[in-house]
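Hi,

Here is the structure I promised to pass on to you. Have a look at it first, and then read my notes below.

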Amino acid sequence: MRDFFSPGRNSFWLVLPALLLLLVALGYPLAQVVLRSFTDPEPGVGNYVWFFSRPVNLAVFQRTFVVAGWVTVLCVVLAYPYAWLMTSVGPNMRVLLVLCVLVPFWVSGVVRTLAWVILLQDSGVINRMIMAMGFEKIRLIRTQTGVIIGMTQVLLPFMVMPLYAVMRGIDLRLVQAARSLGARPMLAFLQIYLPLSLPGVFGGAIIVFILGLGFYITPALLGGPRATMLSTLAQQQVLQQLNWGQGGAMGVILLVATLVLLAFAGRFARRRYQMGAGGK
Amino acid sequence: MAETRHRGAAVDIRAVTKTYGSFTALDDVSLRVEPGQFMTFLGPSGSGKTTTLNVIAGFTDLTRGEILIGDRSVGGLPAHKRNVGVVFQHYALFPHMTVTGNLAYPLKLRRVAAAERDRRVAAALDMVRLTDFAHRYPSELSGGQQQRVALARAMVFDPPLLLMDEPLGALDKKLREWLQLEIKRIHRELGTTFVYVTHDQEEALALSDRIAVFNKGRIEQVGSGSDLYDRPQTLFVGRFIGESTVLTGAHETRGQETAIRVGDEWVAAPGLAGEGRQALLVRPEKITLVREDAAADPALNQLSGRVGEAIYLGSGVKYEVTLADGSRGVVRMALTDRPFALGEPVRMRWRKEDARLLPDDGSSLAAQSGEEP
């Protein structure tokens, strides 16, 4: 039963334009970066040896993962109740909640980050409030904390949307069933709702973490030299010192680390059951 | 499972009202379910039967009134402390647990020791004949198997009361009939009190000791299947349970009988009319169809009409007769040598005491199908 709209053997050409674009715009430059990391300034693994022999590089490498990890954890904590609320309110309220997530998303990342500069700076809104309450002012701008705060806000939609998509499919009668079988509300949540929502948590966490690893603008503007992340370091190597080889090696190391992590996450997140069974 | 045999708990629903804003879902409902009884809540959608079930289970708070399970008032008791088994229409099996995991869940919550837990899970699986499927996930089972797992899960912790909300609603007819027999057998073997919600009157008649007919948030009548079929107390009940010919029109009192005019003929039934419009209700198997030339019999009611439809049922024939005032008569007869032809002028006849005189409550035919009017 194959009709015009069902994908058949001859539909492959439909993906060709996108495939070509990816090949030209991503594949070729990436291949160049990899190539140069092994050939520039001279053939060999010199750039990689350089990277791993310099403590400052390793510190930045480690910091990149720590910051991305914190941002991921904060996004999960903030997005989980938010997404849950989206599934439990009426349609009008839901539209409002979706807009609250998406409107900042439509504003350029640079603009949002600059807004955080205003909020976080030493004489900014947050510090003035802290001082008005009689506390010492806190250094937020050009610190790791500031970077984490800004990135969490920028990346939050990537956590909320996958979570909401999964939670929307969870049959709430399952929670009722657990209650009727003798589970306190908290247990019904922990043993039934939470496990069923985990695919959304994993999905969102992977997206946020990977985007966080490669984040450039927010760390560059909110973080100082002491909060540099790998992408900033790579940019400095390439654009300021025209050191394509060392910058390329950093990019390749970040890419490989991400792929390894993805492979592990994929194995961990794979579930034996199919969502939606026993319900919708 | 002899050791789990016990008497179920009684359920006492006392003047329960549930309102949502200005909408009254349950209006002063009172009902008693005896221990071990199979009670069915029957009614069209939106009639309050599922709300009543949810109120008993503790999923819905009640606005006024009181509910007792056994001799305990459960008003302030949250759902997880009521010890009531619930079977949902869409099974509500936990998709991330195997069949065994689903069944063991309520036992783990009750801290039943592992060996005892295994024994009871096995016994419950045996009860629903799914022993071979213990390690499957719900998504690997058919609809009927999932429903049997749901049933086993609801009874594995030996609740004195089992609530079922249209448990067979999503299954096809053959499977439904077989599972009805299974549910009846399990009820007999357990001795637990069953409260069963359905909009399917055949299912209600097949399963129940007693049936409560719900309509617009109230109970119209409670009784056995034959009470409701033979002695409906309201026109709604008469129409909802089984098929019937309903005749309405001007009425007058004739001695101890009340006569109703249909077209320019009169038919009568014993009893005196109350206030308002009246209706006569006659069951299809009480009516005989005769040809126009048949001799008149003054002891019988008689109405003229034309055969509008003849439906072969295998065991007999069902005729729909269009009457003079446009209303529809339903007649069920054995097969005869000379069946009636479509459009043929006929007479419907029945004994006066076989018709039931009821106040016309305006209930519509749509209610019969379980659809909203």
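In this predicted model, the C-alpha centres of domain 1 and domain 2 of chain B lie 39 Å apart. The domain assignment of chain B puts domain 1 at residues 2–230 and domain 2 at 245–369.

Next, have a look at the sheet in chain B. Four strands make up an open sheet, in the order 2-1-4-5, and their pairing is antiparallel. Strand 2 (23–33) and strand 5 (72–73) of chain B are at the edges with a single partner strand each, so one side of each has no neighbour in the sheet. If you're new to sheets: strands pair through backbone hydrogen bonds, either parallel or antiparallel. Here, strand 1 (residues 11–20) of chain B runs antiparallel to strand 2 of chain B, and 7 bridges join the two.

Now for the place where the chains meet. How many residues does the contact take from chain B and from chain A? It takes 22 from chain B and 21 from chain A. On the chain B side, helix 2 (residues 99–109) of chain B gives the largest share, with 3 residues. Sorted by class, the side of chain B that touches chain A has 16 nonpolar, 5 polar and 1 charged residues.

Just after helix 2 of chain B comes B:Arg111, which takes a positive phi of about 55°.

Finally, the inside. The largest nonpolar core has 152 residues, and B:Ala152, B:Leu163, B:Val195 and B:Leu280 have the most contacts inside it. Which helix gives the most to this core? That is helix 7 (residues 144–168) of chain A, with 15 residues. From chain B, this core draws at least three residues from each of domain 1 (2–230) and domain 2 (245–369).

Terms used:
Residues numbered from 1 in each chain as written. Chains lettered and ligands numbered in written order. Predicted model: local features only at pLDDT ≥ 70, side-chain atom pairs only at ≥ 80, totals over all residues. Domains from an automatic or database assignment. Pairing = 2+ DSSP bridges. Contact = placed C-beta atoms within 7 Å. Nonpolar A, V, L, I, M, F, W, Y, C, P; charged D, E, K, R; others polar. Core = buried A, V, L, I, M, F, W, Y, C linked by C-beta atoms within 7 Å. Buried ≥ 20, exposed ≤ 12 C-beta atoms within 10 Å, placed from the backbone.
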